[in-house]
Amino acid sequence: MAVIVRAGAAPLWWPGLMAAAIGALVPGLTGRRIGLLSGAALFLITAAVVALARGRRYAELAGGATRAGRSDFLQDRAVTVRNWRRGRRWWLLGAFLAAVASAFVLPGAGGMVLAGAGAGLWLKAVRIGRREQRDDALYWVRTDWVERGRPAGKRVKGYRTTGPVAGDAAPGGARRRR
């Protein structure tokens with residue numbers, strides 16, 4: 001489940017940093033200093049909002065998690081990441097272009113918002129990973145319950161658990177080191 005949350009972190013973080021760097025080169029209407037300072041503030045606000053969003057729902061679903069059965073279909077980490085990114089590639093491209101275009105008004109701010117969203121998703125995955133380590137279990141979402149990549153959506157009735165060494169993902173959704 002943390003894999004789905006973490007899948008969006010890198011595609012938001014790196015283009016966000018690139019858009020902020022491009023935005024720092026453009027003087028903009030407000031000037032570089034104001035643009036970059038407001039971008040830094042927006043980065044922190046966005047990261048905090050994304051990291052804390054739906055936290056109660058994640059905890060509620062994790063609290064009622066049941067052991068994964070033989071009939072549960074649990075997807076590979078690489079397949080989950082690939083499906084998430086392919087399903088959102090045009091939205092990610094549009095967000096990057098909007099962040100670069102916003103640099104003409106407020107230099108660097110749009111890119112910092114995008115990077116803040118990626119950092120917030122990464123922080124949320126880290127928080128889920130700490131819970132997985134504390135509970136000594138990996139949380140999974142059945143693939144037929146996940147609607148458009150939402151691990152805490154309305155269709156998700158509960159999480160499934162496996163042992164911490166099951167699958168190819170470490171707690172928090174990172175790749176398992178071999």
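Helix H4 (residues 55-63) and helix H7 (residues 109-135) have axes that come within 12 Å and cross at roughly 25°, with axes being lines fitted to C-alpha atoms over the stretch in contact and angles running from 0 to 180 degrees between N-to-C directions. H4 and H7 are therefore roughly parallel (angles under 35 degrees count as roughly parallel, over 145 as roughly antiparallel). Helices here are DSSP runs of H or I, at least four residues, numbered from the N terminus. This is a predicted model, where local features need pLDDT of at least 70, side-chain atom pairs count only at pLDDT 80 or more, and totals for chains, interfaces and linings use all residues. Residues are numbered from 1 along each chain, and side-chain values use heavy atoms, leaving out hydrogens and water.

On the H4 side, Gly-55, Tyr-58, Ala-59, Ala-62 and Gly-63 meet Lys-124, Arg-127, Ile-128 and Arg-131 of H7 (contact means heavy atoms within 4.5 Å).

H7 also packs against helix H2 (residues 9-25): the two axes come within 7 Å and cross at roughly 155°. That makes H2 roughly antiparallel to H7. Among the residues making this contact are Leu-12, Trp-13 and Leu-17 of H2 and Met-112, Leu-114 and Trp-122 of H7.

Then there's Ala-51, which sits in helix H3 (residues 32-52). Ala-51 counts as buried because its relative accessibility is 7% (buried means under 20% relative accessible area, with a 1.4 Å probe and protein chains only). Leaving aside residues up to four places away in sequence, Ala-51 touches Gly-120, Leu-123, Lys-124 and Arg-127. Ala-51 and Val-126 are 75 residues apart in sequence, yet 9.6 Å apart in space, C-alpha to C-alpha.

Definitions and conventions: Helices (H or I, at least four residues) and strands (E, at least two) are DSSP runs, numbered from the N terminus. Angles under 35 degrees count as roughly parallel, over 145 as roughly antiparallel, 65 to 115 as roughly perpendicular and the rest as oblique. Buried means under 20% relative accessible area, exposed over 50%, partly exposed in between (1.4 Å probe, protein chains only).
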